[in-house]
Amino acid sequence: RTRVLTGITTSGTPHLGNYAGAIRPALEASRDPSVESFYFLADYHALIKVMDPARVQRSTLEIAASWLACGLDPSQAWFYRQSDIPEIPELTWLLTCIAGKGILNRAHAYKASVDKNREAGEDDDAGITAGLFMYPVLMAADILIFNAQKVPVGRDQIQHIEMARDFGQRFNHLFGEHFTLPEAAIEQHVATLPGLDGRKMSKSYDNVIPLFAPREQLKKLIYSIVTDSRAPGEPKDADTSNVFQLFQAFSSRQQADDMRRAFESGIAWGEAKQALFDRIDAEISPMREKYETLVAKPADIEATLRDGAARLRIAYATPLLAQLREAVGLRDLS
Ligand code: TYM
């Protein structure tokens, strides 16, 4: 079976970008019986940005409840928390020892932090942790440990998947064929979902629309999306519009084509936003109630996650690490 794997960092409330870029395409892929799916909560990754334990806990609960509300069936897909699989940090170290430092120097997130320091006239690495620098190696371990072939992610993660391929290939070259090389699977009509201010929707920009915002709040947020000041009746450019980008991610090709024509013939921003709200709400509201029920039962979610990780370790992680330990010359733990 084709293995599909993806994760979300537990650093905040899940948003529409996570849904359209990762959750929805991943669950669509899962419907194919020839697919074996792996969905997880990247809580080790969260520690790189978040030093607030309560926030990591809350986010873990919310993201887990979101996956389940969106239709993940834990009896059909592997569903787990990264930090419940100790073989992941163990593999991270094995990969760290073969990962090129020069490659990590080129990682977008690290480079962006260095650029910011330079602009501020600080030392290149001021305030940058080794955790941020090593982020792509931990992510490669997430992917390689289950030999995932397809990784549904937003565009911002493509570079990380390429690095995982590079590290996997290098390890295979040195120690024998242990890893399948993964490929990113990108939703073409979603690409990067813009946030309220037009930049990429992201927890770090504080411009997100929470996936399960109550209806009224959803409406308010959608009406607050920044637009240009073209008046009703004036033609509008769909290609540069956040409202259109969002609309497209939540509608069929036909609906998007109709909206494009409405933009050309000067639809009012208020009307376009109402249409956008209707599309998003139609898709999300059937899941919202389920989410509210799930998020109110943390013990059930906890049990589901633990069970997933325990079975997954036995099925794949522990045997693989035994094989890798032997391959690199470490003692057999069994
Ligand atoms: P994270 O938590 O930032 O985002 C989770 C997923 O949501 C996608 N995404 C978006 N897609 C479209 N438009 C947006 N505005 C948008 N914002 C976020 C991301 O591309 C991602 O697919 N490093 C990863 C988590 C991770 C992971 C992995 C993913 C850790 N290990 C292994 C895949 C495989 C991250 O921080 O995603």
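The crossing of helix 10 and helix 12 is left-handed. This is a predicted model, and the tour begins at that crossing.

**First stop: helix 10 and helix 12.** Select residues 269-295, which form helix 12, together with helix 10. The axes of the two helices come within 9 Å and cross at roughly 25 degrees. Angles under 35 degrees count as roughly parallel, and helix 10 and helix 12 are therefore roughly parallel to each other. Next, display the side chains at the contact. On helix 10, select Val-243, Leu-246 and Phe-247; they meet Ala-272, Lys-273, Ala-275, Leu-276 and Arg-279 of helix 12. Coloured by class, this contact shows 6 nonpolar and 2 charged residues, with no polar ones.

**Second stop: helix 10 and helix 11.** The crossing of helix 10 with helix 11 is right-handed. To view the contact, select Phe-244, Phe-247 and Gln-248 on helix 10, then Ala-256, Met-259 and Phe-263 on helix 11. The contact comprises 5 nonpolar residues and 1 polar residue, and no charged residue takes part. Phe-247 of helix 10 is listed in the contact with helix 11 and also in the contact with helix 12.

Select residues 53-69 for helix 3 and residues 298-328 for helix 13. Their axes lie 10 Å apart, and the helices pack at an angle of about 75 degrees. Helix 3 is therefore roughly perpendicular to helix 13. Show Leu-61, Ala-64 and Ala-65 in helix 3, which meet Pro-298, Ile-301 and Leu-305 in helix 13. By class, this contact has 6 nonpolar residues, with no polar and no charged ones.

Centre the view on the ligand. Which residues are the closest to the ligand? They are Thr-9, Gly-17, Gly-21, Val-153 and Gly-154, in a surrounding set of 26 residues. To see which elements contribute to this shell, select strand 1 (2-9), helix 1 (16-30) and helix 7 (130-144); each supplies at least two of its residues. The shell has 12 nonpolar, 11 polar and 3 charged residues.

**Last stop: confidence.** Finally, colour the chain by pLDDT. Where pLDDT is low, the predicted coordinates should not be read in detail. In this model, the protein chain averages a pLDDT of 96, and 100% of the residues score at least 70. The scores for the model are ipTM 0.99 and pTM 0.96.

Definitions and conventions: Residues numbered from 1 in each chain as written. Predicted model: local features only at pLDDT ≥ 70, side-chain atom pairs only at ≥ 80, totals over all residues. Near = placed C-beta within 6 Å. Helix = DSSP H or I, 4+ residues; strand = E, 2+ residues; numbered from the N terminus. Nonpolar A, V, L, I, M, F, W, Y, C, P; charged D, E, K, R; others polar. Left-handed = near helix turned anticlockwise from the far one by under 90°. Contact = placed C-beta atoms within 7 Å. pLDDT = per-residue confidence, 0-100. Axes fitted to C-alpha atoms, helices over the stretch in contact; angles between N-to-C directions. Parallel < 35°, antiparallel > 145°, perpendicular 65-115°, else oblique.
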